[in-house]
Amino acid sequence: MKKLGFGLMRMPTLDKNDAANVDVEQVCKMVDLFIEKGFTYFDTALMYNGFASEAVVKKALVERHPRDSFTLATKLHAGFFDSLEDRDKVFNGQLEKTGAGYFDYYLIHGIEAAMLKKYEELNCFNWLLDKKAQGLVKHAGFSFHDTAELLDEILTKHPEMEFVQLQINYLDWESEWVQARACYEVALKHNKPIIIMEPVKGGTLAKVPEEAEKLFKAHDPNMSVPSWAIRFAASLDNVMLVLSGMSSIEQMEDNLSYMENFQPLTEEEKALCFKAAEIINGQIAVPCTGCSYCTEGCPVKIAIPQYFSLYNEDMREHLEEKGWTINFSNYENLGQKFGKAKDCIECGQCEGVCPQHLPIIEKLKDVSKHYDH
């Protein structure tokens, strides 16, 4: 299998304000070109493109190409079932919408600590193995958004899972929140093939600061900026596939140009990626070092460093262009355990102990304006 997968979550639309209004004609052209160049892997999910993605798969792919000419992946998300029976309703609905007959890859979707409890209580891992035994699923795995420690626990408890899908890119490689490198190393430890999602971090690494772009162009003026991110991910050991949520034929043509005959990055080129990450990470809204001196005496137990980390990430990501990010969910999850930014009573104890002398109270107001709606 060639190492590029077509992520069907950011498909082109006829109305930029309506994700479900997919430009099916353009998607058909993209699908045809993708297959023509020898690529086979398509990734969808129930909620992608305003819940339209799986139906578009049927129109653009299943009805137009032989079933043995492509591989199709979709997922079971915890937000769309509440009982044992619901799991089958979701799965059968996906079979009907896609018309695929079976799924080559099926994933338990977006596991994090809160979701894992539901997946375990409703026996979803064994349920997925049953689907495999019935021939309705060829390969069983899961996608993951949490700590390397939790990933290790899951893979230890569920060695029957055949692969894992992780968020990995050169910007998140050393991220305390995403833990890309640490999660990657856990997958290696368990010898699980890795599918990489968000290699370009939702477009962030397609539009880097000018200083970082100059680094890349000086080394190879013919390679696009996003190509560095996708090739970085594809160059990692044990990576079977890198997903790209392509939104136009132009994006696809660029990706295919260097992935058709993929050459891994050299050590020098990987170092350039990490240098670019330093530049991008230097553009932060709140220069918090995460020392947590501020949290010990907070009367409402606000997770100040964690919230600043999420906020910094979103401010780097040109949010005005992208809208919602996974950090809105991360913020809500933290808010179940700690006080939210809006709960600040402005007592000032945090500012009194901050080694960086940050205006924490004002910055928490910025965080609250961003996340508390």
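Phe142 counts as buried, because its relative accessibility is 0%; buried here means under 20% relative accessible area, exposed over 50%, and partly exposed in between, with a 1.4 Å probe and protein chains only. Phe144 is buried as well, on account of a relative accessibility of 2%. These two residues form an edge-to-face aromatic pair, with 6.5 Å from centre to centre and 75 degrees between the planes. Rings of Phe, Tyr and Trp (its six-membered ring) pair if their centres lie within 6.5 Å; planes under 30 degrees apart count as stacked, over 60 as edge-to-face, and the rest as tilted.

Before I continue, a word on the basis. This is a predicted model, in which local features need pLDDT of at least 70 and side-chain atom pairs count only at pLDDT 80 or more, while totals for chains, interfaces and linings use all residues. Residues are numbered from 1 along each chain as its sequence is written, and side-chain values use heavy atoms, with hydrogens and water left out.

I turn to the barrel. Eight strands close into it, in the order β1-β2-β3-β4-β5-β6-β7-β8, with parallel pairing. From one strand to the next, the twist averages 30 degrees; axes are lines fitted to C-alpha atoms, for helices over the stretch in contact, and angles run from 0 to 180 degrees between N-to-C directions. Helices (H or I, at least four residues) and strands (E, at least two) are DSSP runs, numbered from the N terminus, and two strands pair if DSSP finds at least two bridges between them.

Strand β5, residues 137–144, runs parallel to strand β6, residues 163–167, and four bridges join them. Opposite Phe144 stands Leu166 in β6. Helix α8, residues 180–189, packs on the sheet and touches β5, β6, β7 (194–197) and β8 (239–244); contact means heavy atoms within 4.5 Å. The direction of α8 makes about 170 degrees with that of β6. Helix α10, residues 225–234, also packs on the sheet, where it touches β7 and β8, and its direction makes about 155 degrees with that of β8.

Next, helix α6, residues 124–133. Its buried residues are Cys124, Phe125, Trp127, Leu128 and Lys131. Seen down the axis of α6, they fall within an arc of 160 degrees and therefore line one face of the helix; the arc is that of the directions from the helix axis to the C-beta atoms. Among the elements covering these residues are β3 (71–76), α4 (84–98) and β5. After α6 comes Gly135, with a positive phi near 80 degrees.

Finally, the charged pairs. The structure holds 21 salt bridges, each a side-chain nitrogen of Lys or Arg within 4 Å of a carboxyl oxygen of Asp or Glu. Which parts of the chain does the pair of Asp152 and Lys189 link? Asp152 lies in helix α7 and Lys189 in helix α8, distant parts of the chain, 37 residues apart. Their side chains meet at 3.1 Å, N to O. Lys189 counts as exposed because its relative accessibility is 58%.

Within helix α9 (residues 210–219), Lys214 and Glu210 lie four residues apart, about one turn of the helix. Their salt bridge is at 3.5 Å, N to O, and both residues are exposed.

I close with the aromatic residues. The structure holds 25 aromatic pairs. One aromatic cluster is formed by Tyr170, Trp173, Tyr184, Phe216, Trp228, Phe232 and Phe274.
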